Amino acid sequence: MVPQLAIELASGTWQPGPVRDVQLPTYTGKQMHTFIPTVRDRLVHRALRNVLEPVLEARAFRDWVSGFRPRRNRITSLRQAAVYHQADFRWVADLDVASVSDGATVDEVVDWHAEYIHDGTFLALLRTALAAMPSPIAPGSGLAPMLINLRLSQVDKRVSGLRVVRFADNYVAFARTREEAQEAFYTISDALLQLRLRPNEAKSRIRDDANVEDLFLIGG
């Protein structure tokens with residue numbers, strides 16, 4: 001299977017197979033609508049990610065972003081948050097992004113990559129892989145976690161002047177006053193809106209002297 005797949009990729013004749021639509025339980029107890037490519041296509045997704053990830057790690061992703069990244073997890077985010085908290089930035093704007101996988105188009109996602117990748121043949125292969133999914137950042141793709149970070153990197157550019165830490169799709173900006181935290185909340189919300197995203201109203205709020213350990217909780 002792999003030798004034949006390599007021939008198809010090299011010759012430009014590879015075409016994605018069908019995608020299975022399944023419901024999978026998550027560790028929070030919810031059912032997640034997931035789209036599973038064929039084994040062959042998952043190999044292609046992994047190969048694409050192996051090429052893309054080092055470039056995006058070096059050029060696209062901020063140091064204050066963790067989650068869906070090599071060696072960067074919730075613990076990394078908590079350590080960065082603790083630095084601000086210990087410096088008396090005790091008010092936080094805590095924003096969880098609603099439906100971060102929804103609404104992006106294939107053209108948009110390819111354009112985000114084209115800022116860092118300039119090989120037209122590679123971008124055409126990426127477009128073919130993304131177009132086979134129901135949406136380009138659909139859960140189940142081997143590319144989806146990285147693409148979530150790439151999508152939010154467009155937001156990160158607009159909020160990098162804040163004292164901010166992001167874990168996956170959760171932004172936390174640190175401030176010394178409620179007014180400053182509220183301004184940070186508006187700044188992040190506006191940046192999300194420009195990407196046709198919005199905060200999850202049920203999970204996003206201003207916090208006073210939050211316990212750092214309570215930040216970035218899955219399902220919290």
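Phe122 is buried, with a relative accessible area of 15%. This residue belongs to helix H5, one of 7 helices that accompany 7 strands in the chain. The model is a predicted one.

**Phe122 and its surroundings**

- Phe122 counts as buried because its relative accessible area of 15% lies under the 20% limit.
- Leaving out residues up to four places away in sequence, Phe122 touches Leu48, Val51, Leu52 and Ile117.

**Packing of helices H4 and H5**

- Helix H4 covers residues 106-114 and helix H5 covers residues 120-131.
- The two helices pack at an angle of about 150°, and their axes are 10 Å apart.
- The crossing in which H4 passes H5 is right-handed.
- On the H4 side, the contact is made by Val106, Asp107, Val109, Val110, His113 and Ala114.
- On the H5 side, Leu123, Leu126, Arg127, Leu130 and Ala131 make the contact.
- Sorted by class, the residues of this contact comprise 8 nonpolar, 1 polar and 2 charged.

**Ser153 in helix H6**

- Ser153 lies in helix H6, which runs over residues 144-159.
- With a relative accessible area of 0%, Ser153 is buried.
- Apart from neighbours within four places in sequence, Ser153 is in contact with Ala60, Phe61 and Arg166.

**Loop residues with positive phi**

- Arg71 is not a glycine, yet has a positive phi of about 60°.
- The loop that holds Arg71 lies between strand S3 (65-66) and helix H3 (74-86).
- Arg71 counts as exposed because its relative accessibility of 78% is over the 50% limit.
- Ala168, likewise not a glycine, has a positive phi of about 55°.
- Ala168 is placed in the loop between strand S5 (164-167) and strand S6 (170-175).
- The relative accessibility of Ala168 is 10%, so this residue counts as buried.

**The chain as a whole**

- Read from the N terminus, the order of elements is α-β-β-α-β-α-β-α-α-α-β-β-α-β.
- The radius of gyration is 19 Å, which agrees with the value near 17 Å that a compact globule of 220 residues would have.
- The C-alpha trace spans about 60 × 40 × 30 Å along its principal axes.
- Among the 220 residues of the chain, 46% count as buried.
- Of the contacts with a separation of 6 or more, 71% are between residues 24 or more positions apart.
- The chain has an accessible surface of about 11100 Å², and carbon and sulfur atoms account for 53% of this area.

Key. Residues are numbered from 1 along each chain as its sequence is written. This is a predicted model: local features need pLDDT of at least 70, side-chain atom pairs count only at pLDDT 80 or more; totals for chains, interfaces and linings use all residues. Side-chain values use heavy atoms; hydrogens and water are left out. Axes are lines fitted to C-alpha atoms, for helices over the stretch in contact, and angles run from 0 to 180 degrees between N-to-C directions. Helices (H or I, at least four residues) and strands (E, at least two) are DSSP runs, numbered from the N terminus. A crossing is left-handed if the near helix is turned anticlockwise from the far one by less than a right angle, and right-handed if clockwise. Contact means heavy atoms within 4.5 Å. Ala, Val, Leu, Ile, Met, Phe, Trp, Tyr, Cys and Pro count as nonpolar, Asp, Glu, Lys and Arg as charged, and the others, Gly among them, as polar. The radius of gyration is taken over C-alpha atoms; the globule rule is 2.2 Å times the number of residues to the power 0.38. Buried means under 20% relative accessible area, exposed over 50%, partly exposed in between (1.4 Å probe, protein chains only). Accessible areas come from the Shrake-Rupley method with a 1.4 Å probe; for residues, only the protein chains shown count as cover.
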